[in-house]
Amino acid sequence: MTTMRAVRVHGWGAPPTVDLVPRPRRAEGESLVRVEAAAVSHLDLTVAGGRFDLRPALPYVGGTGGCGVVVESDTVPVGERVLLRGGGLGLKRDGTWAEYVAVPDRNLSGLPHGLAPEVAATFFTPLTTAAAALRHVARLGEWGDVESAADELVVVGGAAGGVGSMVVQLALREGAEVIGVVADEEQAASLPADVEPVVSTDAARAAELARDRPASLLVDTLGGPGLGARCGWVRPGGRAVSIGYVAGTELSLDLPNWLLQDVALLPVNMIRRDREARELAAELAPLLAAGQLAVDVEPFGFEDSGRALELLGSGKLRGRAVLVPRER
């Protein structure tokens with residue numbers, strides 16, 4: 001029996017392990033793909049922690065997305081590099097944290113030439129989430145009395161993270177002014193030069209923003225108890241778009257003051273926006289290949305998968321984490 005290395009979760013909340021398992025065999029309507037890089041996402045973290053309603057049977061191979069090269073297929077040319085996403089990967093079936101994975105053909109997508117495997121594996125979620133948040137949820141440049149993106153001041157909570165950094169880039173491309181909330185001075189230095197950094201511990205600047213309320217839009221990937229205070233940086237009639245929860249999963253609002261603030265709080269649910277996301281990816285991925293947009297990627301070997309999840313959960317990653325198979 002041919003075997004392969006895979007990163008498997010054996011217990012909810014327990015560190016994953018690298019196991020030797022049988023190489024999968026593709027069924028009818030599937031392709032066998034050699035994984036080049038596998039994304040480590042917040043969905044993966046939530047599932048591995050046992051906090052998702054859909055729980056795979058233990059043990060399971062994690063990974064809901066990735067990039068690889070087709071080695072067996074009836075429909076896709078052998079040797080073609082493809083995006084791996086959907087089809088229950090890492091949820092209803094073993095995922096991409098392995099050297100090989102069998103994937104339904106309908107869940108394979110082509111990629112533009114010029115994308116490095118590590119970027120190809122992980123660009124989809126930050127790029128499409130950021131674009132959907134700005135275009136379709138926040139309606140950048142089209143909300144209330146705003147006539148164009150140049151009229152917008154956008155605060156990005158978690159501006160150095162994978163999704164946050166993409167929100168920053170896309171908002172700047174549209175002509176908006178941007179303030180980026182970051183964890184420390186090192187993250188502040190990573191922001192584009194025309195973005196004002198605000199370190200989350202800077203109480204004086206936070207107080208000024210709460211007093212002046214200069215923003216028209218907050219796009220927040222942090223969540224947690226501080227989300228309510230950041231909403232207070234937005235002027236009356238503005239909106240706050242909530243994407244993530246790296247700083248905590250619960251929020252308490254004082255309803256009288258929230259009503260007085262008059263800021264709309266809008267969720268981004270990408271699970272129901274799959275078709276929209278695929279259209280956005282097809283449109284915007286060539287900008288990544290051309291170097292007009294960038295995804296910061298931090299690669300990890302299979303043996304460091306636990307560390308990748310730990311850094312992701314603490315919000316200390318430099319952009320996006322990917323697992324890269326090593327040659328045996």
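This report looks at one helix pair and some salt bridges in a predicted model.

Before we start, residues are numbered from 1 along each chain as its sequence is written. In this predicted model, local features need pLDDT of at least 70 and side-chain atom pairs count only at pLDDT 80 or more, while totals for chains, interfaces and linings use all residues; side-chain values use heavy atoms, with hydrogens and water left out.

**Two helices that cross**

Two packed helices are described by the angle between their axes and the distance between the axes. Here the pair is helix 3 (residues 124-137) and helix 4 (residues 162-173), whose axes come within 8 Å and cross at roughly 50°. Helices (H or I, at least four residues) and strands (E, at least two) are DSSP runs, numbered from the N terminus. Axes are lines fitted to C-alpha atoms, for helices over the stretch in contact, and angles run from 0 to 180 degrees between N-to-C directions.

That makes helix 3 and helix 4 oblique to each other; angles under 35 degrees count as roughly parallel, over 145 as roughly antiparallel, 65 to 115 as roughly perpendicular and the rest as oblique.

Who touches whom? Contact means heavy atoms within 4.5 Å. On the helix 3 side you'll find Pro-126, Leu-127, Thr-129, Ala-130, Ala-131 and Leu-134, and they meet Gly-162, Val-163, Met-166, Val-167, Leu-170 and Ala-171 in helix 4.

**Salt bridges**

The structure holds 17 salt bridges. A salt bridge is a side-chain nitrogen of Lys or Arg within 4 Å of a carboxyl oxygen of Asp or Glu. Here are some of them:

| Pair | Closest N and O atoms |
|---|---|
| Glu-303 and Arg-5 | 3.8 Å apart |
| Glu-283 and Arg-135 | 2.7 Å apart |
| Arg-230 and Asp-220 | 2.6 Å apart |

Glu-303 forms a salt bridge with Arg-5. Glu-303 sits in the loop between strand 15 (297-301) and helix 10 (305-314) and Arg-5 in strand 1 (residues 3-9), so this pair ties together parts that are 298 residues apart in sequence. Arg-5 is buried, with a relative accessible area of 15%; buried means under 20% relative accessible area, exposed over 50%, partly exposed in between (1.4 Å probe, protein chains only).

Glu-283 is in helix 9 (residues 274-289) and Arg-135 in helix 3, so the pair ties together parts 148 residues apart in sequence. Glu-283 counts as partly exposed at 44% relative accessibility, and Arg-135 does too, at 37%.
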